[in-house]
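Open the model in your viewer and keep the selection panel at hand. The tour below goes from stop to stop and says what to select at each one.

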Amino acid sequence: MTAPWRATVLTLFPEMFPGPLGVSLAGKALTSGLWALEARDIRDSATDRHRSVDDTPAGGGPGMVLRADVLAAAIDAADDASRDRPRLLMSPRGRPLTQSLVTELAAGRGPLIVCGRFEGVDQRVIDARNLQEVSIGDYVLSGGEIAAMALVDACVRLLPGVMGKQASGEDESFSEGLLEYPQFTRPQEFEGRGIPEILTSGDHAKVAAWRRAEAETLTRTRRPDLWAARPGQKATKSTTDG
Ligand SMILES: C[S@@+](CC[C@H](N)C(=O)[O-])C[C@H]1O[C@@H](n2cnc3c(N)ncnc32)[C@H](O)[C@@H]1O
């Protein structure tokens with residue numbers, strides 16, 4: 001594969017890929033070689049007759065755990081030592097996936113991503129192969145594949161040449177620690193609702209100021225956590241703090 005940015009996904013369900021990554025923006029970029037995707041079956045690294053990849057949890061409890069030896073062999077078989085690539089494990093207890101992590105990953109050569117299943121993954125392979133755990137939110141999916149797709153999709157749209165107009169990535173939600181301002185398009189009137197006059201005024205400075213103010217109001221009201229975390233912003237004491 002010659003694409004400069006490559007995602008290697010280790011999964012028990014390689015047939016799930018490219019899935020949604022094969023259509024629209026990401027799909028077109030995949031077809032034109034702006035990035036590459038390799039989905040590898042963890043089960044290919046199983047060594048027994050039944051191709052088993054999981055076993056019961058040490059200490060008891062429900063469910064099954066992905067085996068360290070099988071997963072380590074799958075990682076070793078996929079990892080190209082000449083490429084300095086982050087090794088990620090999709091995991092609900094991981095570091096939250098944010099736009100800044102996405103930007104960092106998009107700027108590299110592309111990650112190797114392990115998709116967990118069952119109750120999770122044997123801790124020893126996480127430690128031994130230095131897997132960085134990444135979460136896409138505080139809820140539990142049945143497997144890491146959808147989480148991996150979300151991560152890859154967010155990275156791919158930032159790769160050079162993928163978005164029609166590079167500027168559209170710079171103005172979006174989270175780009176400056178702010179949510180995006182409201183967008184409008186034709187028709188001029190929809191069910192009695194117009195477009196804010198300033199947006200049709202042709203005054204670019206006023207439009208920019210209006211958008212900035214809207215973005216700030218939205219962020220302050222919907223995501224006080226983001227608002228407080230903006231550089232130079234002092235966290236204000238909540239009235240419910242007592
Ligand atoms: C059923 S979950 C395991 C949940 C685990 N027993 C726990 O309580 O944290 C199976 C796999 O789905 C993936 N997964 C589930 N929720 C996720 C999330 N919020 N972010 C990223 N990956 C997730 C992980 O790869 C995980 O190993």
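**Stop 1**

Begin with serine 24, which has its place in helix 1. The model is a predicted one. Serine 24 is not a glycine, yet its phi is positive, at about 55 degrees.

**Stop 2: Two cis peptide bonds**

Select proline 18 next, in the loop between strand 1 (6-11) and helix 1 (24-31). The peptide bond that leads from phenylalanine 17 into proline 18 is cis, and its omega is near 0 degrees.

Then go to proline 187, in the loop between helix 6 (167-170) and helix 7 (204-222). Show the backbone from arginine 186 to proline 187: this peptide bond is cis, with omega near 5 degrees.

**Stop 3: The ligand and its shell**

Now select the ligand and display the residues around it. How many residues surround the ligand? There are 19, and the closest are Met90, Gly116, Glu119, Tyr139 and Leu141. Colour the shell by class to see nine nonpolar, eight polar and two charged residues.

For methionine 90, a backbone N or O atom lies 2.6 Å from an oxygen atom of the ligand. For tyrosine 139, a backbone N or O atom lies 2.8 Å from a nitrogen atom of the ligand. At glycine 143, a polar backbone atom is 3.4 Å from an oxygen atom of the ligand. On its own the ligand has 590 Å² of accessible area, and the protein covers 82% of it.

Highlight strand 5 (87-96) and strand 7 (132-135), the elements that give two or more residues to the shell around the ligand. Strand 5 provides the largest share of that shell, with three residues.

**Stop 4: The largest pocket**

Which pocket does the ligand sit in? The ligand sits in the largest pocket, whose volume is about 400 Å³.

Select the lining next. It consists of 25 residues, and Met90, Ser91, Pro92, Glu119 and Gly120 lie nearest the centre of the pocket. By class, the lining of the largest pocket divides into twelve nonpolar, nine polar and four charged residues.

**Stop 5**

Move on to the second largest pocket, which holds about 340 Å³ of space. Its lining is made of 14 residues, and Thr98, Gln99, Phe174, Gly177 and Leu226 are the closest to its centre.

Which elements each supply at least two residues of the lining of the second largest pocket? Select helix 3 (99-107) and helix 8 (224-229) to see them. Colouring this lining by class gives four nonpolar, six polar and four charged residues.

Definitions and conventions
Residues are numbered from 1 along each chain as its sequence is written. This is a predicted model: local features need pLDDT of at least 70, side-chain atom pairs count only at pLDDT 80 or more; totals for chains, interfaces and linings use all residues. Side-chain values use heavy atoms; hydrogens and water are left out. A residue is near a molecule or strand if one of its heavy atoms lies within 4 Å of it. A polar contact is a pair of N or O atoms within 3.5 Å; within protein, one must be able to donate a hydrogen and the other to accept it, and residues adjacent in sequence count only if both atoms are side-chain atoms. Accessible areas come from the Shrake-Rupley method with a 1.4 Å probe; for residues, only the protein chains shown count as cover. On a 1 Å grid over the protein atoms alone, a cavity is a set of points where a 1.4 Å probe fits but cannot get out, and a pocket is an open set with protein on both sides within 12 Å along at least five of seven lines; lining residues have an atom within 4 Å of a point. A molecule sits in a cavity or pocket if more than half of its atoms lie within 2 Å of its grid points. Helices (H or I, at least four residues) and strands (E, at least two) are DSSP runs, numbered from the N terminus. Ala, Val, Leu, Ile, Met, Phe, Trp, Tyr, Cys and Pro count as nonpolar, Asp, Glu, Lys and Arg as charged, and the others, Gly among them, as polar. Grid points are joined across faces, edges and corners, and a volume is the space filled by probe spheres set on the points.
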